Amino acid sequence: MTERPMAPNPYRVRSRVVESPDSATLCLEPLGEPLRAPLPGEFMMLYAFGVGEAAISISGDPGVTDGSITHTIRAVGAVSRALHDSQPGSIVGVRGPFGTTWGLDEAAGRDLVMVAGGVGLCPLRPAVLGALAQRSRYGKLTLIVGARSRADFVFAAQLEQWAQDPQIELHVTVDVPVQGWRGEVGLVTEPLRRLTLDAGRTTAFLCGPEPMLRFGAQALLDKGIAAQNIRVSLE
């Protein structure tokens, strides 16, 4: 007998925040019994009724206890566009969570280096928030975030907060500078190569386009970090 696919649970869009020209963050609240709270790195299947379903990573705070889930969605096709355009009060179908986690618990006691390219910050954000919420469990915490231009950063306001937070070392870089940009210029691999790391106690999380993952992982390997301590996610 063929198993019946798990039906999507109805969630209401509680809020919508535009992050960049093609990305928006939706906070979804359950209309009934909430699904299991997702862990950093997991994803949900989101269903736009009448359009279709897509796998979307969790981008919210893992410490939330009200049953809500948060997704940042980049509009790149019919389904993601429909989800991206969902307004507060509309209903979205949700299944999950699925996938694997970043492994924050396994990295306890170690230094963390997180590298995000473009919307790759979205799946990494729960790991950053989780590490900051339990800061004493980890050693040095470094976050490197890159984007094509200033307008393409997601969670720009939070990046500004992290830049002032002594608990985290933040590097922000753009491919194309504009007038008034005072941050770094270049690919995320540039600040990554300049880092001074303790290879024996460092765990790295990388999320972004395939070339960034390849060159970023190689930069970490060149610093002596073991391959099993480099975790990547194509976004």
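Visitor: In which strand is the place of T142?

Guide: T142 sits in strand β8, which covers residues 141-147. A few ground rules come first. The model is predicted, so local features need pLDDT of at least 70 and side-chain atom pairs count only at pLDDT 80 or more, while totals for chains, interfaces and linings use all residues. Residues are numbered from 1 along each chain as its sequence is written, and side-chain values use heavy atoms, without hydrogens and water. Strands (E, at least two residues) and helices (H or I, at least four) are DSSP runs, numbered from the N terminus.

Back to T142. It counts as buried because its relative accessibility is 2%. Buried means under 20% relative accessible area, exposed over 50%, and partly exposed in between, with a 1.4 Å probe and protein chains only. What does T142 touch? Leaving aside residues up to four places away in sequence, its contacts are L112, V113, M114, E169, H171 and L195. A contact means heavy atoms within 4.5 Å.

Now step out to the sheet. β8 pairs with strand β9 (residues 169-174) over 6 bridges, in the parallel sense. Two strands pair if DSSP finds at least two bridges between them. One such link joins V145 to its bridge partner in β9, V172. The open sheet holds 6 strands, in the order β10-β9-β8-β7-β11-β12, with parallel pairing. At its edges stand β10 (184-185) and β12 (230-234), each pairing on one side only.

Helix α2 (residues 121-133) lies across β7 (111-117), β8 and β11 (202-208). Its direction is about 155° to β7. Such angles run from 0 to 180 degrees between N-to-C directions, using axes fitted to C-alpha atoms, for helices over the stretch in contact.

P10 has G93 as its bridge partner in β6.

Finish with F49, in the loop between β3 (43-48) and β4. F49 counts as partly exposed because its relative accessibility is 48%.
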